[in-house]
Amino acid sequence: MMRTGAKEFVVVRPLYSEEAFAQDHEKVYRHGKTMLDHVKDYFTCDAKRAKNAALSLLPVIGWMKIYRIKDWLLSDIVSGVSTGLVAVLQGLAYCLLASLPPWYGLFSAFFPVVIYFFLGTSRHISVGPFPVLCLMIGSVVTRIVPDEGPALNITGLEGLTRDEQRVLVASSLTFLTGIMQLAMGILQVGFVVMYLSDTLVSGFTTAAAVHILVSQLKFVLGLTVPGISGPLSLIYTLEIIFNKITSTNVCDVVISLVIMVVVFIVKELNDRFKSKLPVPIPIEVIMTVIACGVSYAFDFKTRYGIDVVGHIPKGYESPIAPNLHILQETAVEAFPMAIVGFAVAFSVAKVYSVKHDYTIDGNQELIAFGVSNIFGASFKSFAASTALSRSAVQESTGGKTQIAGLLSAIIVMIVTLAIGFLLEPLPKSVLGAVVIVNLKGMLMQFRDIPYLWRRDKPDCVVWLGTCTAAILLGLDLGLAAGLGVELISVVLRAQFPRCSVLANIKGTDIYKDRKDYIDIYEPEGVKIFRIPSPIFFANIEFFRSKLVEAVGFNPLRVLRKRNKALRMIRKLLKKGDLQWTSKGFLNTSCGFIKESEDESNMEELDLPTDFKDLPVRIDWSTELPANIIVPRVDLHSLVLDFAAVSFLDISALKGLKTALKELIRVEVEVYIVACDPYILKKLHDCCFFDDEVQSSMFFLTLHDAMLHILKKHPENLGQTLTFWWGAICCCRVGHRDTDIQKYRCTEIQMYR
């Protein structure tokens with residue numbers, strides 16, 4: 001009778017150990033490539049490979065061939081103009097984070113975009129200044145060329161103004177960042193970004209948002225605050241701001257508040273009605289134009305003493321070479337910048353590629369950003385990545401390809417060459433306010449903390465550790481600290497996995513953690529132990545301790561007790577105090593026989609028990625003669641579920657073999673099930689097996705091993721059939737070409 005809505009399947013097959021399965025089913029032999037084969041393949045070139053290489057290095061060729069002019073061109077034009085206006089404003093604003101004159105942000109919104117158009121694989125991200133990178137650049141710039149005092153003694157900075165020195169430092173740092181990204185792309189190590197988890201990136205960008213917020217307070221309040229870098233720089237900056245709070249420029253505060261309130265409200269309206277609006281309202285651009293006009297009309301700079309953008313030179317400056325001494329000085333800071341810039345851009349690109357169904361190449365992205373930064377640094381731009389808000393504008397306004405990005409670069413170029421002078425009266429407090437409003441998304445990530453704490457406490461610790469370290473130590477050291485916390489979290493999870501003892505779910509061939517279910521059955525004398533983790537040098541001792549805890553006794557201690565008992569029995573037999581009769585051992589001594597405390601030859605106690613010179617084999621489950629007490633072992637079979645074990649290292653192999661030998665020597669049969677074929681091959685290659693630890697202990701599935709145990713220990717057969725085979729109408733235990741007896745179970749109780 002079948003339960004309503006349930007489906008039952010009858011499976012009839014032989015019982016398989018790994019050896020039996022290998023005998024019945026021939027494997028396909030696959031010839032593994034040697035290192036020389038890989039080298040030959042890498043350097044082999046033909047017409048097809050050359051074509052593929054050209055297409056991979058110039059992805060623009062691939063999507064230009066499928067470009068639909070009628071369907072996509074208008075959308076790209078609208079998107080390019082909208083994104084270009086935002087890029088102009090953000091270029092000016094984010095440049096303040098880098099402690100550089102504002103117009104250099106326009107260079108960063110132009111040169112990298114042009115190069116990425118040809119080399120990038122994402123069709124939707126907007127390349128240019130990214131606030132976190134700008135802040136990291138600013139910390140290096142202010143360290144080498146501080147606001148107060150002379151610059152570091154570096155050859156090549158002599159005779160330059162402070163702004164020129166800072167531009168040289170920023171461009172040299174950007175050049176080195178590009179070199180590192182290009183090298184990683186050529187070496188095909190784009191996978192490094194996988195070590196930056198979403199949790200770590202979230203905590204890091206939140207800390208960066210806090211740094212950005214504090215760095216913009218001086219513009220919003222109209223204060224003169226020197227740039228500070230290094231650990232606790234945020235605390236020191238806040239201290240200076242609070243000490244100077246009485247010198248706040250009221251006009252700057254009012255302008256900033258008005259800008260922030262209006263921009264925030266309109267952005268919320270854009271989000272709420274984005275399905276009804278053809279394009280988002282460019283409120284930042286509108287407010288910037290209004291603020292620029294009002295500042296010019298009422299002469300805010302002279303009448304209220306506010307700081308404005310000032311003179312913006314027309315055109316582009318001549319290219320420069322990087323300063324080698326600065327490259328040496330900034331090598332440590334350049335590497336985290338290369339990683340962060342690529343990681344953020346790749347994460348955003350991956351989101352849009354999934355949404356619009358195309359693929360991106362991480363290694364090609366590294367090459368694209370590396371060349372973009374190298375080329376841009378030659379023309380005095382600073383490191384580029386992608387800003388989330390700018391990319392959202394490019395995608396939401398209908399951008400289909402990087403033609404929209406190229407058009408945005410043309411808008412920036414027009415501003416740089418022709419109408420940049422119109423932005424000269426723009427108050428810097430407006431730029432600071434725009435930056436702060438755009439931090440909303442990153443600052444709102446603080447809401448992730450309760451969610452992470454409820455769902456995954458180790459991930460929450462990674463988030464808090466990264467964020468706290470980045471806030472207090474600075475972004476570069478904070479990123480390193482966050483990576484350390486993340487790696488420790490991963491190691492601890494692998495080092496201390498949640499091991500469990502499994503039990504059979506009645507009426508099925510399914511085995512689950514015995515703590516999680518009520519209707520279970522645990523066969524008497526059998527334990528099933530599962531470890532859901534790779535076994536390696538760091539957790540092998542934890543594995544062994546949990547195994548001892550699961551079986552309920554220490555096999556090495558039991559073995560030593562047994563060997564001591566055998567030593568005592570031999571001694572008593574030799575002295576005549578103990579005799580063997582047809583009824584068993586007879587104690588002929590009148591007094592109490594004290595257990596020997598002889599500790600000599602302790603190594604012999606760890607060897608297998610030897611009964612060869614005794615009249616009979618000792619049954620350890622019965623009472624021993626002469627008051628000898630040995631811990632009782634009620635376990636006859638142990639099954640190790642290796643389904644979740646992905647690898648074993650050499651230390652783990654040694655520890656596992658030792659643990660297996662200890663159990664086998666106390667007469668516990670050990671079976672390993674669901675072992676990965678590559679692990680099994682490694683065991684054979686490492687000479688893991690010997691006379692005690694044999695390959696016959698490996699079984700294909702957990703249920704195969706349990707049925708084998710049932711066959712070998714038929715004393716529990718009557719009660720076990722009811723529980724184990726309730727869902728199997730017919731099963732054949734045994735296998736041909738083996739000595740295992742075949743029999744068929746015909747009377748099975750079906751549990752409903």
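Which residues lie nearest the centre of the largest pocket, and how many line it? I'll take that first, then move to one strand. Keep in mind that this is a predicted model.

The lining of the largest pocket comes to 50 residues. Nearest the centre are Leu388, Ser389, Arg390, Ala392 and Val393. Helix H18, residues 388-396, is one of the helices that each give at least two residues to that lining. The others listed with H18 are H5 (69-97), H10 (198-221), H12 (250-272), H13 (283-298), H16 (331-356) and H21 (440-443). As for volume, the largest pocket holds about 1,500 Å³ of space. Sorted by class, its lining has 27 nonpolar residues, twelve polar and eleven charged.

Now the strand. S9 covers residues 637-641, and five of its five residues are buried. Which way do the residues of S9 point? Ser637, Val639 and Asp641 go one way, while Leu638 and Leu640 go the other, and all are buried.

S9 has two pairings to mention. Strand S6, residues 526-530, runs parallel to S9 and is joined to it by five bridges. Strand S10, residues 669-673, also pairs with S9 in the parallel sense, over five bridges.

What do S9, helix H27 and S10 make together? With H27 spanning residues 650-665, the three form a β-α-β unit, and that unit is right-handed.

Terms used. Residues numbered from 1 in each chain as written. Predicted model: local features only at pLDDT ≥ 70, side-chain atom pairs only at ≥ 80, totals over all residues. Heavy atoms only, no water. Buried < 20%, exposed > 50% of the residue type's maximum accessible area, 1.4 Å probe, protein only. Helix = DSSP H or I, 4+ residues; strand = E, 2+ residues; numbered from the N terminus. Pairing = 2+ DSSP bridges. Right-handed = clockwise from strand over helix to strand, strands pointing away. 1 Å grid on protein atoms, 1.4 Å probe; cavity = no way out; pocket = protein on both sides within 12 Å on 5 of 7 lines; lining within 4 Å. Points joined across faces, edges and corners; volume = space filled by probe spheres on them. Nonpolar A, V, L, I, M, F, W, Y, C, P; charged D, E, K, R; others polar.
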